[in-house]
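Please look through the structure below with an eye to its charged side chains and its paired strands. The paragraphs after it take these topics in turn.

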Amino acid sequence: MTSRCWRWWGRSAWPWTRPLSAGSTPSFRHQFSTQEKTPQICVVGSGPAGFYTAQHLLKQHPQAHVDIYEKQPVPFGLVRFGVAPDHPEVKNVINTFTQTAHSGRCAFWGNVEVGRDVTVPELREAYHAVVLSYGAEDHRALEIPGEELPGVCSARAFVGWYNGLPENQELKPDLSCDTAVILGQGNVALDVARILLTPPEHLEKTDITKAALGVLRQSQVKTVWLVGRRGPLQVAFTIKELREMIQLPGTRPILDPVDFLGLQDRLKGTARRQSTMPTEVPRPRKRLTELLLRTAMEKPGPEEAARWASASRAWGLRFFRSPQQVLPSPDGRGAAGVRLAVTRLEGVGEATRAVPTGAMEDLPCGLVLSSVGYKSRPIDPSVPFDCKLGVIPNVEGRVTDVPGLYCSGWVKRGPTGVIATTMTDSFLTGQTLLQDLKAGLLPSGPRPGSAAIQALLSSRGVQPVSFSDWEKLDAEEVARGQSTGKPREKLVDPQEMLRLLGH
């Protein structure tokens with residue numbers, strides 16, 4: 001039984017930036033009766049899940065009106081605050097979202113925190129349907145001794161810090177140490193390692209914040225270890241991010257050939273039956289593992305060998321290690337290392353798990369970043385929430401036991417997948433909502449929509465930020481960046497944003 005507690009990027013050729021293709025889902029256009037003609041729908045969250053849900057509803061229903069509420073004064077969620085500054089091409093999907101926001105049937109209301117400024121029941125009273133798409137704005141804790149020490153923070157907070165997320169601007173990471181340890185081996189872990197080791201001059205023309213770039217210029221970090229409980233066959237990062245790390249200027253990889261013994265045979269399908277690797281390896285996983293193998297086992301070519309020999313920085317993957325404790329410095333005012341349990345693998349394929357062997361080892365460092373996953377939070381006491389899984393209980397996007405309430409994105413399925421996964425997931429939730437509308441399962445009769453909510457917000461002293469307001473802030477950021485050759489200099493203080501808008 002589900003536990004409940006009460007109380008969250010693209011070129012035009014990329015699949016998630018193209019309009020929904022004909023036949024990909026059945027269109028509901030021109031199939032709605034008179035009482036269904038002007039549904040008022042509210043979406044909470046303006047990241048990929050929120051905008052893709054809105055895009056689908058507007059495309060598939062010719063009269064639907066969609067209001068998008070966002071707690072930040074600025075839109076786009078993880079596209080703005082999560083995508084690495086040296087991956088600008090991924091952020092091009094903002095152009096698609098901007099087209100959606102410019103629709104005459106769509107409105108953006110920023111600087112409105114649902115659950116604080118307005119409740120979910122108030123939204124449900126004002127709209128025919130409410131979609132919760134607020135993502136995963138927390139991180140999974142390590143739950144080990146020493147996690148609270150200075151010098152220990154989540155990779156999520158570190159990413160928010162260099163990307164200008166207001167709540168993380170006080171982080172001020174201490175990069176005066178020689179070695180950093182990242183606990184986790186996913187794409188976020190590689191993003192953080194890459195930003196730590198990239199020569200600062202290579203970040204000067206990105207949208208990284210001015211403050212973060214200043215700290216990185218003074219960084220003394222020379223070595224970054226990425227630690228995983230399992231082995232090379234179970235890493236969660238993708239080949240693009242791995243290739244970027246291998247080719248990173250001024251750095252060299254450190255991989256222990258012992259960790260890769262026997263892997264070549266497994267990739268060729270000659271592994272023994274009790275192997276922890278299935279005989280058939282999916283092609284993406286095979287290509288990723290082959291790149292790891294070549295890097296670890298083969299002698300580099302002359303050019304690469306020369307580059308690695310002159311490198312002043314290094315990164316490495318530590319496999320079969322599970323964190324047990326963050327070790328304090330002698331004065332107790334910081335981290336001095338991580339105590340790791342040595343593990344071995346049991347099980348086959350996806351069921352492979354790491355079990356401790358009893359051996360321990362200490363890995364010295366001065367900075368520890370936990371990258372073991374994001375986590376959604378409950379948004380409102382009226383909304384069911386599965387605390388263990390960190391999601392809103394739902395069936396195909398319909399929130400359990402709450403008619404007219406839906407969810408999409410990470411708060412629906414958990415913090416997994418890439419932006420294209422979120423696009424598909426959000427389209428499906430939109431489709432579910434439209435099916436319920438057509439079947440007469442949503443409230444009949446008119447609903448006031450944003451008019452009622454704006455009156456409530458006004459009475460509570462909340463001043464929403466419109467999309468045209470955001471475009472003024474956008475222009476200000478671009479103007480500030482021009483003097484230094486950056487695409488933009490992000491505003492990081494919500495109060496400054498509101499002052500610039502005259503709020």
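**Charges, strands and a surface patch**

A network of salt bridges links Asp 86, Glu 89, Asp 191, Arg 194, Lys 240 and Glu 244, where a salt bridge is a side-chain nitrogen of Lys or Arg within 4 Å of a carboxyl oxygen of Asp or Glu. The model is a predicted one, in which local features need pLDDT of at least 70 and side-chain atom pairs count only at pLDDT 80 or more, while totals for chains, interfaces and linings use all residues. Residues are numbered from 1 along each chain as its sequence is written, and side-chain values use heavy atoms, with hydrogens and water left out.

Over the whole structure, a search finds 32 salt bridges. One of the salt bridges joins Arg 318 to Glu 361, with the closest N and O atoms 2.5 Å apart. Because Arg 318 lies in strand 10 (residues 313-318) and Glu 361 in strand 13 (residues 353-364), this pair ties together parts that are 43 residues apart in sequence; helices (H or I, at least four residues) and strands (E, at least two) are DSSP runs, numbered from the N terminus. Glu 361 counts as partly exposed at 22% relative accessibility, given that buried means under 20% relative accessible area, exposed over 50% and partly exposed in between (1.4 Å probe, protein chains only).

A salt bridge also forms between Asp 469 and Lys 472, at 3.9 Å from N to O. These two residues are three apart in helix 15 (residues 467-482), so about one helical turn separates Asp 469 from Lys 472. Asp 469 is buried, with a relative accessible area of 11%, whereas Lys 472 is exposed, with 54%.

Turning to the strands, strand 11 (residues 321-328) and strand 12 (residues 335-346) run antiparallel and are joined by seven bridges, two strands being paired if DSSP finds at least two bridges between them. Val 326 stands opposite Val 338 in strand 12. The hairpin of strand 11 and strand 12 has six residues between the strands, and there Gly 332 takes a positive phi near 75°.

Finally, Arg 243, Arg 283, Arg 287 and Arg 294 form a positive surface patch; patches are made of residues with over 30% relative accessible area and no salt bridge, with like charges joined within 9 Å and nonpolar side chains (Val, Leu, Ile, Met, Phe, Trp, Tyr) within 5 Å. Helix 10 (residues 283-297) supplies the largest share of this positive patch, three residues. Arg 283 is found in helix 10, and at 63% relative accessibility Arg 283 counts as exposed.

Notes
Areas by Shrake-Rupley, 256 points an atom, 1.4 Å probe, with all protein chains shown as cover. Lys, Arg positive; Asp, Glu negative; His and termini not counted. Charge placed at Lys NZ, Arg CZ, Asp CG, Glu CD.
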